[in-house]
Amino acid sequence: MEIFIDTGSVRDITGLTETNLLNGVTTNPTLIAMSGRDFINEISDICSLVDGPVSAEVTANDTEGMITEGMRLSEIAPNVVVKLPITMAGLKACNHFSKHKIKTNLTLCFTEVQALMAAKAGATYVSPFIGRLDDVGIAGSNLITGIRKIFDNYNMETKILAASIRTVNHVKEVAIAGADIATMPRTVFDSLLRHPLTTVGLMQFEIDWKNTGQSIL
Ligand code: G3P
């Protein structure tokens, strides 16, 4: 499973480009607003650092506006993916970009059928929102399981990009359910390797090693 960072700020990818663990970035208007930076400049800076797809979202509600904005966004860098809402207007724009070989990410997906429609419209990625479903008492990871089954039934190539990931457990659940990608805030990424028994175990090894008085070199 690939890992993307979900952010509106280039700061959140600092130090990750050398790890080979970062496969891409997703943004949304809320995250860009939180960064306080100019949208086009921020996307441009992120694209220059990340060797992978960077989703940048349109804000228009109509197909024509989405196409105009999406074309502008796709000119920023070759790795820009145009992020569109799962609405009829968004699916029409998706179909347009698909014909022009411009990658798309269909966002705000909350049902298996919405994902099926996105795939039929030629979406490169579809983004089911796990955490927001959990917030309303529906198990978000079940949505990934359902979409995986449907896409596999029909050999659909659209990638499942699990979004609205809030916890390490979400990462585990979507990986088990067969998501192609999980996008997460930097705080969640930083928690992926943390475990109290790892920390305690390392401290004990250090103490015991010092007591031997030995040195490897
Ligand atoms: O980028 C979309 C998604 O990841 C947002 O997550 O936590 O605002 O539901 P959240």
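Where is the place of Ser-164? Select Ser-164 and look: it sits in the loop between S7 and helix H8 (168–177). Keep that spot in mind, as the tour returns to it.

**Before you start**

This is a predicted model, in which local features need pLDDT of at least 70 and side-chain atom pairs count only at pLDDT 80 or more, while totals for chains, interfaces and linings use all residues. Residues are numbered from 1 along each chain as its sequence is written, and side-chain values use heavy atoms, with hydrogens and water left out.

**Stop 1: the whole chain**

Show the protein chain as a cartoon. There are 10 helices and 8 strands. Helices (H or I, at least four residues) and strands (E, at least two) are DSSP runs, numbered from the N terminus. The C-alpha trace spans about 70 × 40 × 30 Å along its principal axes. The chain has 217 residues, and 46% of them count as buried. Buried means under 20% relative accessible area, exposed means over 50%, and partly exposed lies in between (1.4 Å probe, protein chains only).

**Stop 2: the barrel**

Now select the strands. The 8 strands close into a barrel, in the order S1-S2-S3-S4-S5-S6-S7-S8, and the pairing is parallel. On average, neighbouring strands of this sheet are turned by 30 degrees against each other, direction ignored. Strands of a sheet pair through backbone hydrogen bonds, either parallel or antiparallel. Here, two strands count as paired if DSSP finds at least two bridges between them.

Check three of the pairings:

- Select residues 2–6 (strand S1) and 24–26 (strand S2); 3 bridges pair them in the parallel sense. Find Asp-6, whose bridge partner in S2 is Thr-26.
- Go to S6 and S7, which run parallel and are joined by 2 bridges. Val-126 has Ile-160 in S7 as its bridge partner.
- Move on to S7 and strand S8 (residues 181–184), parallel again, with 2 bridges.

**Stop 3: a helix across the strands**

Select helix H7 (residues 140–153). H7 lies across strand S5 (104–109), strand S6 (125–128) and strand S7 (159–162), and runs at about 175 degrees to S7. Axes are lines fitted to C-alpha atoms, for helices over the stretch in contact, and angles run from 0 to 180 degrees between N-to-C directions.

**Stop 4**

Select Ala-123, in the loop between helix H5 (112–120) and S6. Is Ala-123 buried or exposed? Ala-123 counts as buried because its relative accessibility is 5%. Contact means heavy atoms within 4.5 Å. Not counting residues up to four places away in sequence, Ala-123 touches Cys-94, Thr-104, Leu-106, Ala-118 and Thr-158.

Next, select Ile-67 in helix H3 (residues 63–74). Leaving aside neighbours within four places in sequence, Ile-67 is in contact with Ala-93, His-96 and Phe-97.

**Stop 5: two positive phi values**

Most residues other than glycine have a negative phi. Select Asn-20, in the loop between S1 and S2. Its phi is near 70 degrees, a positive value in a residue other than glycine. Asn-20 counts as exposed because its relative accessibility is 69%.

Finish back at Ser-164. Its phi is positive, about 55 degrees, although Ser-164 is not a glycine. Ser-164 counts as buried, because its relative accessibility is 10%.
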